[in-house]
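Reader: I am new to this structure. Please show me how to read it, one feature at a time.

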Amino acid sequence: MTIIATPSPTASSRRPWPRLAWYAVLGAGLLLGLFSFGYQWASGLTVTGLTNTVTWGLYIVVFMFLVGISAGGLIVVAGSELIGSHRLESLNVLAVIVSGTAIAAAAVSIIPDLGRPEMAWQMIVSPQPMSPLVWDMAVITIYLAIAAIDLWILTRPWPMPRALRVMAMVSLPVAVLVHSITAWIFGFLVARPFWNTAILAPLFISSALVSGTALVLVIAWIVHRVTAWEPPPHVFGDLGRLLAWFVAVDFFLLSAELITAYTSQTDYHLAPLHMLLTGRLAPVFWSQILLGVLVPFVVYAVPRLRARIPLLVGAATLSILGVFAKRVDILMPGMYDPQVSMAPGIPAGRPDQGFIIDELYVPTWVEYGVVVGIAAFAGALITIGVRRYVLPRPEQS
Amino acid sequence: MRDEPDVLATLLAGQDPAADAPSAGGSAVDHLPPASRAWGEIDTRSQTPRWGMLVDTERCIGCWSCAVVCKSENDVALGMWWNRILTDGDDLDTPSVDAHGHPQMEWLPLACQHCDDAPCEKVCPTAATYTNDEGIVLVDADKCIGCRYCMAACPYGVRVFNWGEPAKAPGVEEGMVPARPAGTVEKCSLCVHRIAENQQPSCVVSCPAQARIFGDLNDDDSHINQVLRDRGGDQLLEQKGTQPKVRYLPPRRRRSL
């Protein structure tokens, strides 16, 4: 690790400008998010690019992505705890902070997608028990609580190995449930053949493992670079080795689904598939396969490449972007594939528009603004968590 | 012949031919001009009605009357339709052609199918979408949070969302039901407010080709059940297992220009 210049422990306190600049970025992001959301709340979702055909868009992609990200941390902690490995122990606190942040941000990201956020309390007073959305609300709440309890246990001055083990046994099945239920929101819909497949839940879990672990790696590296925090150098390579497996399984599951759909040669399956392979989503799909899967996999799998930490971090960043693209590739073919598609199509829902049948969905600045706000919210939570729980306290050192 | 009441003469005299029919009084239908109430009464109903509709695609002439009347009846905003007529072809004015190059005359009037096993109802997180005692799938706008899960779940694409405040063409008066607020999902209610007054839905009444038959599926004597017995009735996207209460009669002969 000689290539990484180690900053002196007091570097951050001596030079406050980078930190203040970071806070300014976070603050600006939060303001932009709040402004965009306020504007959208006042005008209605008509200021988004959504229509009556593509009723779910960027917000739902971000929601799926954030739920996925939240897997990494808790599974890294719980998984290594249950197999009795202590190699990644030094990452525990950071991993739990990343997980908790991601799931909190996921819960926040669903709010701007609602037509009437002020009525969201109806989900609590009048829940409809058959709805996967109600299950998801419940399991996300439980997952958030688990992350908070884990963080509390990990940050006690005294070790609590038994409690940690119990939490590991609880959190693994809950983590599996969070991703499965989020997948089932889509997978249960007979109206959307592209989503209505049993592989969706396993696929969500495998993508979650990729993006979650990759984000822990990237954030661990950033925190290591900008603060005095020193994880054991082997953790990056360890995470890289894990990622090789996760990416391979994720790619296998995706291929299994697409090949099965392709060989069926029925319009029912082929219409959404062609959109991915050769249609309007092809650029996203193929760059996801090339840059989001193949290139990072080579870096993770080849020990000589994996050993070069900046390269590894670059690969992990590509993995994260790749999983985001994959969320787009899962959501959009389902949305673009109406089952009754005769002319003139579906009412657009805007006074100045007639019917639409195959309209391209392009998010507006409002949607991007809200998403920037959610990212800033997540960034702020991670920053607070890292400063409070990961870095050595000044008075203690 | 002479003994039949002369409805036309009564109407011309400005009297209400349905005046002596039992009325709940003070209802929305009271605003209707007498002509609207003179016909379109529900033929017969059982103790526990289960409402259904049959669309005869052989009779449909693709005129969009039902779609337009539906809009004014239900105060459906600009850019929204609860009921629309799909054309077999590339666009409204470019129908598909047969082997001889003749334009086909086939249409599919499409609105909520009022499924017995409604996918929209199953996914609604707040039970805003529900099926009432008479089998009609409805949306309670007061409970709707606008998550649009029902729209993703509906295979027929008949639900529309109020993306902003509902907009109206200038000079258009209000419909027979209150408008829905921004941020909520809405769809065909089978004119539940008219059924309460023993009136058929406005799309049925307004169809100049009489392509729609409305009635009680639980009443053996109802017209809809007679036709269903005689000619059957296809379900749209039957393989989805939604069991719609709206059925379609296929054309018995080819129609082309």
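Author: Start with contacts. Two residues are in contact if their C-beta atoms, placed from the backbone, lie within 7 Å. In chain A, 79% of the contacts with a separation of 6 or more join residues 24 or more positions apart. This is a predicted model: local features need pLDDT of at least 70, side-chain atom pairs count only at pLDDT 80 or more, and totals for chains, interfaces and linings use all residues. Residues are numbered from 1 along each chain as its sequence is written, while chains are lettered from A and ligands numbered from 1 in the order in which they are written.

Reader: What does the radius of gyration of chain A agree with?

Author: The radius is taken over C-alpha atoms, and the globule rule is 2.2 Å times the number of residues to the power 0.38. Chain A has 397 residues, so a compact globule would have a radius near 21 Å; chain A has 22 Å, which agrees. Its C-alpha atoms fill a box of roughly 70 × 50 × 40 Å along the principal axes.

Reader: How many helices and strands does chain A have?

Author: Both are DSSP runs, numbered from the N terminus: helices are H or I with at least four residues, strands E with at least two. Chain A has 14 helices and two strands.

Reader: How do I read one helix, H3(A)?

Author: An α-helix has 3.6 residues a turn, so residues three or four places apart point the same way. The expected span is 1.5 Å times one less than the number of residues. H3(A), residues 58-82, has 25 residues and reaches 36 Å from first C-alpha to last, close to the 36 Å expected. A kink of about 30° is centred on Ile75(A); the bend is the angle between axes fitted to the seven residues ending there and the seven starting there. Gly84(A), with a positive phi near 75°, follows H3(A).

Reader: How many residues of H3(A) are buried?

Author: Buried means 20 or more other C-beta atoms within 10 Å of a residue's own, exposed 12 or fewer, partly exposed in between, with C-beta atoms placed from the backbone. In H3(A), 23 of 25 residues are buried. For chain A the share is 46%.

Reader: Which way do the residues of strand E11(B) point?

Author: In a regular strand the side chains alternate between the two faces of the sheet. In E11(B), residues 246-249, Val246(B) and Tyr248(B) point one way, Arg247(B) and Leu249(B) the other, and all are buried.

Reader: How many residues of chain A are in contact with chain B?

Author: 40 residues of chain A are in contact with 45 of chain B.
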